[in-house]
Amino acid sequence: MIISFIVCPNGNGHLFRTLDIIDYLNIKIKDIKINIFCSKPHKKKIKEHINLKNIKIFSIIPNYDLRNSLYEKLLKLYNFKLKNSALQNSKFVISDNLVNKYLPRNKTILHTNFFWSDILKIKNKKKTFENFEKNFINENVKYIIANRYFFTNHKKIYSRKILIGFTGQKTKKKKNFRKKFLDKKILVYFSGSDKIPKRLIFSLLDNKYKIYTKNHTISKLSKKIIRLSNKKLNFEKFGFMLTKPGLGSIKDCLNNKIFPIFYFRKDNLEYIENFNK
C-alpha cells in the first residue's frame with residue numbers, strides 16, 4: 001500500500017503531527033510505502049526525526065512565509081500545480097492543513113486544525129475565502145479528520161467524535177518530579193516565524209532559571225542561554241516549557257509532565273481555541 005502525505009509549510013506543527021501518524025502506520029501496516037510532499041526546510045527536519053527506509057520525499061511545496069500577505073500566499077498554495085504520478089498511484093492522500101485544487105478527488109483526506117480563520121477577519125476577503133473553502137471541500141476532499149470542532153460554510157457535514165487523546169507515545173519512566181521542577185530548567189520552544197517574548201526570557205534568567213532552546217535567534221539573546229543541537233529533543237529533563245499553545249506543544253507537555261508557560265498574540269484564534277479547551 002502507498003500513502004502520500006502533503007504537509008503545509010507553515011511552522012513545524014503540521015510536519016511533526018504527520019511524522020507521528022507515519023510512525024503509527026509503519027507499526028500497524030506491513031510493507032507500507034510512504035511519500036511525503038513538503039518544503040525544503042521540512043525535508044531536512046524529516047531526515048533528522050524518522051527512518052527513511054520506506055519513505056520518498058518530494059520537497060516541492062513552496063516555502064512561503066505566511067506572516068506577510070497571508071491571503072495571497074494561501075491562494076498561491078491553492079493554485080500550485082501539485083501534479084505527480086506518486087499522488088495518483090497512492091491509495092490515500094493525507095493533507096495536513098494544505099488546501100490545493102490539484103489534490104486527487106475521492107482519495108484525499110484533509111487532516112486539519114482550522115481553515116485559516118485569520119482570513120475571515122479581513123472584511124474585503126471574507127466572501128471570496130468562504131467560496132474558496134466551500135469549493136475545496138466539495139471538489140477535492142473525501143474525508144476530513146479535524147482536531148477540534150470544525151465549521152464550514154454552506155455544506156452539511158455528517159460527523160462523529162473519536163476520542164483518541166494526543167498523538168505520540170507516552171513515557172513509561174518514573175520521574176522525581178520535585179527534583180525536575182526544582183532544577184528550574186526551561187525549554188523555550190518557538191519557530192523562526194513566531195513572536196519571541198524577550199522581556200519574559202530576560203526575567204526568567206534574572207530569577208536563575210536555566211534556559212535551553214534550539215532557536216538560533218533566542219540563543220543569541222544572552223550567553224547564559226544554552227543552544228541545543230538539532231538532534232531529537234529529550235523533553236523529559238525539562239520541568240517547564242515556554243511556548244505557544246499549538247497542539248504539538250500541548251501534547252509534549254502532557255506526555256512528559258512539563259509545566260507550560262504559553263505566550264501568544266491575543267488575536268490568534270487558533271491558539272485562543274486551544275488555550276480555552
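These legends describe close-up views of one predicted model.

Local features need pLDDT of at least 70 and side-chain atom pairs count only at pLDDT 80 or more, while totals for chains, interfaces and linings use all residues. Residues are numbered from 1 along each chain as its sequence is written, and side-chain values use heavy atoms, with hydrogens and water left out.

View 1. Helices (H or I, at least four residues) and strands (E, at least two) are DSSP runs, numbered from the N terminus. The chain has 277 residues, and 43% of them are buried. Buried means under 20% relative accessible area, exposed over 50%, and partly exposed in between (1.4 Å probe, protein chains only). Contact means heavy atoms within 4.5 Å. Of the contacts with a separation of 6 or more, 57% join residues 24 or more positions apart.

**View 2. Strand 1 (residues 2–7) and its parallel partners, strand 2 and strand 4.** Two strands pair if DSSP finds at least two bridges between them. Strand 2 (residues 33–37) is joined to strand 1 by 5 bridges. Here isoleucine 2 faces lysine 33. Strand 4 (residues 92–96) also pairs with strand 1 over 5 bridges. Isoleucine 6 has serine 95 as its bridge partner in strand 4. Strand 1 is mostly covered, with 5 of its 6 residues buried.

**View 3. The β-α-β unit of strand 1, helix 1 and strand 2.** Helix 1 spans residues 13–28. The unit is right-handed. That term applies if, with the strands pointing away from the viewer, the path from the first strand over the helix to the second runs clockwise.

**View 4. Threonine 108 in strand 5 (residues 108–112).** Threonine 108 is buried, at 1% relative accessible area. Its side chain reaches the backbone oxygen of proline 104 at 2.7 Å. A polar contact is a pair of N or O atoms within 3.5 Å; within protein, one must be able to donate a hydrogen and the other to accept it, and residues adjacent in sequence count only if both atoms are side-chain atoms. Leaving aside residues up to four places away in sequence, threonine 108 touches Val93, Leu103, Asn140, Val141, Lys142 and Tyr143.

**View 5. An open sheet of 5 strands in the order 9-8-7-10-11.** The pairing is parallel. Strand 9 (226–227) and strand 11 (259–262) stand at the edges, each with a single partner strand, so one side of each has no neighbour in the sheet. Strand 10 (residues 240–243) pairs with strand 11 over 4 bridges. Methionine 241 has proline 260 as its bridge partner in strand 11.

**View 6. Helix 9 (residues 247–255) across strand 7 (185–189), strand 10 and strand 11.** Helix 9 runs at about 175° to strand 10. Axes are lines fitted to C-alpha atoms, for helices over the stretch in contact, and angles run from 0 to 180 degrees between N-to-C directions. Helix 9 is largely enclosed by the rest of the structure, because 7 of its 9 residues are buried. Among them are Leu247, Ile250 and Asn255. Just after helix 9, lysine 257 takes a positive phi of about 55°.

**View 7. Cysteine 38 and cysteine 253.** Cysteine 38 is buried, at 0% relative accessibility. Cysteine 253 is buried too, with a relative accessible area of 4%. A disulfide is a pair of cysteine sulfur atoms within 2.5 Å. By this rule the model has 0 disulfides.
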